[in-house]
Amino acid sequence: MDGEAVRACLVFAVQADGTCITTVEGIASPDGTLAPIQEAFRKHHGLQCGFCTPGFIVTATALLRDNPDPTDEEIRDGISGSICRCTGYQGIVAAIRAASATT
Ligand code: FES
């Protein structure tokens, strides 16, 4: 929301009124080409069922914008607001680490 990663479950609709919202669909190019972070999630098995993936992608995008070369600890801290019931987080951290090398 306005360039910051927020937890949608903690934002009232009225708080979003007049703001610019970027969803996971807005991370990819207009022609549908996946962004490097999206490619990295696919390549490094950062998703299974995909339920959590949009949140992780937008969170990782904001994380890498603010810290282009995070340590694994910084990555884990940065994604701590999201929960994944499938992956065990290894693939997610690996994907973000790999994407950081391309930014
Ligand atoms: S991939 Fe299923 S909850 Fe994360």
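Me: Which helices are included in what covers the buried residues of helix 2?
Reply: This is a predicted model in which local features need pLDDT of at least 70 and side-chain atom pairs count only at pLDDT 80 or more, while totals for chains, interfaces and linings use all residues. Residues are numbered from 1 along each chain as its sequence is written, and side-chain values use heavy atoms, with hydrogens and water left out. With helices taken as DSSP runs (H or I, at least four residues) numbered from the N terminus, and contact meaning heavy atoms within 4.5 Å, the cover of the buried residues of helix 2 includes helix 3 and helix 5 (90-100).

Me: Which exposed residues does the face of helix 2 turned away from its buried side carry?
Reply: The buried side of helix 2 holds Ile37, Gln38, Ala40 and Phe41. On the face turned away from that side, the exposed residues are Arg42 and Lys43.

Me: Is Thr87 buried or exposed?
Reply: Thr87 sits in the loop between helix 4 and helix 5, where it touches His45, Gly46, Leu47, Gln48 and Ile92, leaving aside residues up to four places away in sequence. Because its relative accessibility is 14%, Thr87 counts as buried.

Me: Which helix gives the most to the lining of the largest pocket?
Reply: A pocket is an open set of points on a 1 Å grid over the protein atoms alone where a 1.4 Å probe fits, with protein on both sides within 12 Å along at least five of seven lines, and lining residues have an atom within 4 Å of a point. Of its 32 lining residues, Ala5, Val6, Arg7, Val58 and Thr59 are the closest to its centre. Helix 3 (53-66) and helix 4 (72-78) each supply at least two lining residues, and the most, 9 residues, come from helix 3.

How values were computed. Buried means under 20% relative accessible area, exposed over 50%, partly exposed in between (1.4 Å probe, protein chains only).
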